[in-house]
Amino acid sequence: MKKLSKKAILFLVVVTIINYLPIILTVVYSFNSSKISSVWGGTSIVWYKQLFNDNDLRRSLINSLIVALFSCSFAVIIGTSAALAMRKTKLFFDNMISYFSTLPIMIPEIILGMAFLAVFSFFKMPFGFITLIIAHTSFCIPYIFMLVRSRLIGMDPSYEEAAKDLGASSYETFRDIIVPYILPGILSGVLLSFAMSFDDVVISIFTTGPTVNTLAIKIYTKMKTGVTPEINALATVILLISVICIFLFEIINKKSTNKTQTRY
Amino acid sequence: MKILKKFGLLVLLSTLMLSGCSSSNTTTDSNNDSSMPLKGTTLNLYTWDGMFPQEVLDGFTKETGITINYSNFDFDETMLAKLEETQGKDYDLVIADDYIIELAIEQGLVQKLDRTKISTIDNINPIYENEFYDPNNEYTLPYGAGIPLIVYNPDEIDFEINGYSDLWNPKLKDNLAIIGNYRVINGIALKSLGYLFNTNDLTEIKEAGDKLKELAPNIRIINDSNLQDFLITGEVSVAFMYTSQVNQALLTNPDFKVVYPEEGLGFGIMAAFIPSQAPNADAAYAFLDYINRPEVAAKGFEWLGYFVTNKAAEEYISEEMKPLIILPEDKYDLIEKGEIIQNVEDDALELHTQIFAEFQKETK
Amino acid sequence: MKNKKLGQWLLRLPVYLYTILFVIFPIVYMFILSFLTKAHTWGFTFNLTLDNYRKVFSSFYMGIFFDSLKLAFITTSLVLLIGYPFGYFMGRLNDTWKKRLLILIMIPFWTSGLIRLNGWVIIFRSNGVLDKILMFFNIIDKPLKLLYSYPAVVIGMIYFLLPFMILAVYSSVEKMDWSLVEAARDLGASKFEAFKSITLKQTMPGILSGIVLTFVPSMGLFYVAEILGGNKIVLISTVISEQLTKGRNTPFAAALSVILMLLTSLILSLYKKFSKTNELEGLF
């Protein structure tokens, strides 16, 4: 493969920097002593102090993580199994089901929120974690389903055939050929849907109960009543956590890839 | 799948780390149980974010042992939808706007207050009671009131603003910030034409819609939150905004001019009620009792920035805040003369949403 | 053989069950709702009517549909213009940098979108970061007043949706067969020809899902219009949300969204037809 030209690299760098501008400013302004979040008033860590004393906000952060974690896990199971099932054989309803299963990301969130509110009360379900997770799972599935399927479409069937010819059982084929092949699809699906779930406001407002506030709802309502720089401080902390998470994830990932490589 | 598991683990780990820090500041109360009959129960409080300072909420928990579960809605209508869906079962105490409470009462979602259970009830300023949404004072306690007003920066504006109609002045091109409440905004167009806020006359509303379109070139931003910031930072020179925002603007810059529009004022009251099937109504009573104590109420209202609806609390308000959030008695007639925005008939409401949407479309 | 069939069904069971219960049922519910009459407070009564649709097809709401489509179209084109080369170049980096860049793209995604929008407010506002920089270089002498304008909303939309396009294109570039490009070049095709006939075709699945993932949400991101447009730019999703909340007219909101859904499906099928990607039959 040829190396990228200088222009191409410059393009990547510039777009990435622009992409980061609002975040850098958010971090910078989290140290802003002025109460007006867009005007600079001097350096201060007062918002961090306030943040760490805000139990409510921390509880809602934990709630958000729980909801995102469960919805993503369910979506991985449902979305991946569906993509695998519909790969070779087509049943009569497959087209219809795959159309409808991807619909949640096609319609404005607010419709889904209202529809869920109505349906959950139709089923007499208590509003809380369960309803939130069901609603979030529904819009996480499409990301994983679509990404895994688009990977499977591009998969060369000869890989599998070769494995079978070499005497691998279907489980082994699945484990050693298919899973590694679709893993990038699942992974980017998880990254996407986790972010979507973590960030969702509209659907959450309509599907949560009195005991569960997610972070996004909290931020949204805070922004409605006043963007306190406390929110900027919170964003900085979240940013830091995700950076650390991803960094650790990278290290573990590197170690495990090294291991797999030595196995062969 | 392996990678996913590890990934999940990491997320979980960070969750645990965070919950670890939270458990470290849980308070251990050693008070005896007999003085706190409701200790260990939970109060499900449902209102906008930021209605109470943390100090007041913590004080209540410390004194009664009741944990407050504070959940938020963004619009009154979301609250009503939620209340209808759960048949008033999930929440113990709701604080919302006047007009929506009228609907909630009409739907049988509100229970009558046992006023003997609130020892501090006499502290309430009667001027804010017996309003249209609760004419016999059976269901609600007021908590804060407001009038949207015009505030402007006299350094930037070379003419005098006395009422709503001055907002149409072409000199204010792209220089006006307004709140997003469509009934209030449509209302100022109605008022400037000499009509009533709560008119059900469709031709009048339509006329107001046409008038409103002429305001479009002056609009720089329509927003419900933080309107004062746009004025303070110089993004706009004139703003039409809620009481709490007016007060925040004045606290930052006392030179701003406030206008009580000559055409008439639109009043709004926020009130607390207990949903019909509240699981822990006793906790709600305890909370109402607590927040209406003069010292507590004073803290709450200073934080909230709306007009104090608690008469006894007035003397505890700081000198700086007094002129801003206490409506002097000689201005009580403003409430009687001013109109409260009430629910209108269905087709009038629909026309209201439509003219506002048309106005919004015109502003871009 | 029988076992295999059972397995096929078991694999399908979760998605069938979930989709029927939590997607189809709510949508059918919404469809029925769109023919009902608004109740006095919140909710609806069972009076069948076509009034909601009559209203949707009035010139005012059609105009808003048109505006939303225009914004979605502008946004999607620009996102494609930036996202495609980005995803493409990214796919050609070496593995270490690929991974690094992927992470760099995902990180902002994980902090609240609302907060990031506020970052743009800091940049765009009068005498804000952008104005200061431009004034410093003497490019402008008074504030641009970029905040609360159409371009600000477009930039916000692009910012929100770009990662979707990048990831979609990237994942298709990842599985591209580069030997075909080399073969075409060896056979004398110009760089552009090779790109057009091989690369573009092979990355079409990515482009398509990228377009789906940007066009569709861009009609629903009413809070971008709210925050960066100062509530002045009305999208169809703004109207739906206002009808659901302040207007308390669920049936009308349902009718608007039924039409919006049909419109989205129509655009997608048109696109599928014109792009002649039969191999993507499965995608919608």
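In chain B, strand 1 (residues 42-47) and strand 3 run parallel and are joined by two bridges. Strands pair here if DSSP finds at least two bridges between them. Helices (H or I, at least four residues) and strands (E, at least two) are DSSP runs, numbered from the N terminus.

This is a predicted model: local features need pLDDT of at least 70, side-chain atom pairs count only at pLDDT 80 or more, and totals for chains, interfaces and linings use all residues. Residues are numbered from 1 along each chain as its sequence is written, while chains are lettered from A and ligands numbered from 1 in the order in which they are written.

**Chain B: strand 3 and its partners**

- Leu45(B) stands opposite Leu93(B), which belongs to strand 3 of chain B.
- Strand 3 of chain B also pairs with strand 10 (residues 266-273) of chain B, in the antiparallel sense, over four bridges.
- Asp97(B) has Met270(B) of strand 10 of chain B as its bridge partner.
- Is strand 3 of chain B covered or exposed? Strand 3 (residues 93-97) is mostly covered, with five of its five residues buried.
- A residue is buried if 20 or more other C-beta atoms lie within 10 Å of its own, exposed if 12 or fewer, and partly exposed in between; C-beta atoms are placed from the backbone.

- Helix 9 (residues 281-291) of chain B has several buried residues, among them Ala283(B), Tyr285(B), Phe287(B) and Ile291(B).
- The buried residues of helix 9 of chain B pack against elements including strand 1, strand 3, strand 10 and helix 10 (294-304) of chain B.
- Contact means that two C-beta atoms, placed from the backbone, lie within 7 Å.
- Glu315(B) lies in the loop between helix 10 and helix 11 (322-325) of chain B.
- Glu315(B) counts as exposed because it has 11 C-beta neighbours inside 10 Å.
- From C-alpha to C-alpha, Glu315(B) and Ala283(B) are 28 Å apart in space, and they are 32 residues apart in sequence.

**Chain C: overall build**

- Chain C has 12 helices and two strands.
- From the N terminus on, the elements of chain C run α-β-β-α-α-α-α-α-α-α-α-α-α-α.
- Along the principal axes, the C-alpha atoms of chain C fill a box of roughly 75 × 70 × 35 Å.
- Chain C has 284 residues, and 50% of them count as buried.
- Among contacts in chain C with a separation of 6 or more, 69% come from residues 24 or more positions apart.

**Chain C: two domains**

- Chain C is divided into domain 1 (27-57 + 236-271) and domain 2 (68-234). The bounds come from an automatic or database domain assignment.
- The centres of domain 1 and domain 2 of chain C, taken over C-alpha atoms, are 31 Å apart.
- Nine residues from domain 1 of chain C and nine residues from domain 2 of chain C make the contact.
- On the side of domain 1 of chain C that touches domain 2, helix 11 of chain C gives the most, with five residues.

- Most residues other than glycine have a negative phi.
- Lys145(C) is not a glycine, yet it has a positive phi of about 55°. Lys145(C) sits in the loop between helix 6 (129-136) and helix 7 (150-174) of chain C.
- Lys145(C) is partly exposed, with 15 other C-beta atoms within 10 Å.
- Asn231(C) is not a glycine either, and it has a positive phi of about 65°. Asn231(C) sits in the loop between helix 10 (222-228) and helix 11 of chain C.
- Asn231(C) counts as buried because it has 21 C-beta neighbours inside 10 Å.

**Between chains A and C**

- Which chain A helix gives the most to the side that touches chain C? The contact takes 75 residues from chain A and 69 residues from chain C. Helix 1 of chain A gives the most to the chain A side, with 13 residues.

**The nonpolar core**

- The largest nonpolar core has 258 residues, and those with the most contacts inside it are Ile144(A), Ala239(B) and Val224(C). The largest share of this core, 17 residues, comes from helix 7 of chain C.
- Such a core is a set of buried Ala, Val, Leu, Ile, Met, Phe, Trp, Tyr and Cys residues joined through C-beta atoms within 7 Å.
- Not counting residues up to four places away in sequence, Val224(C) touches Leu117(C), Val153(C), Gly156(C), Met157(C) and Phe160(C).
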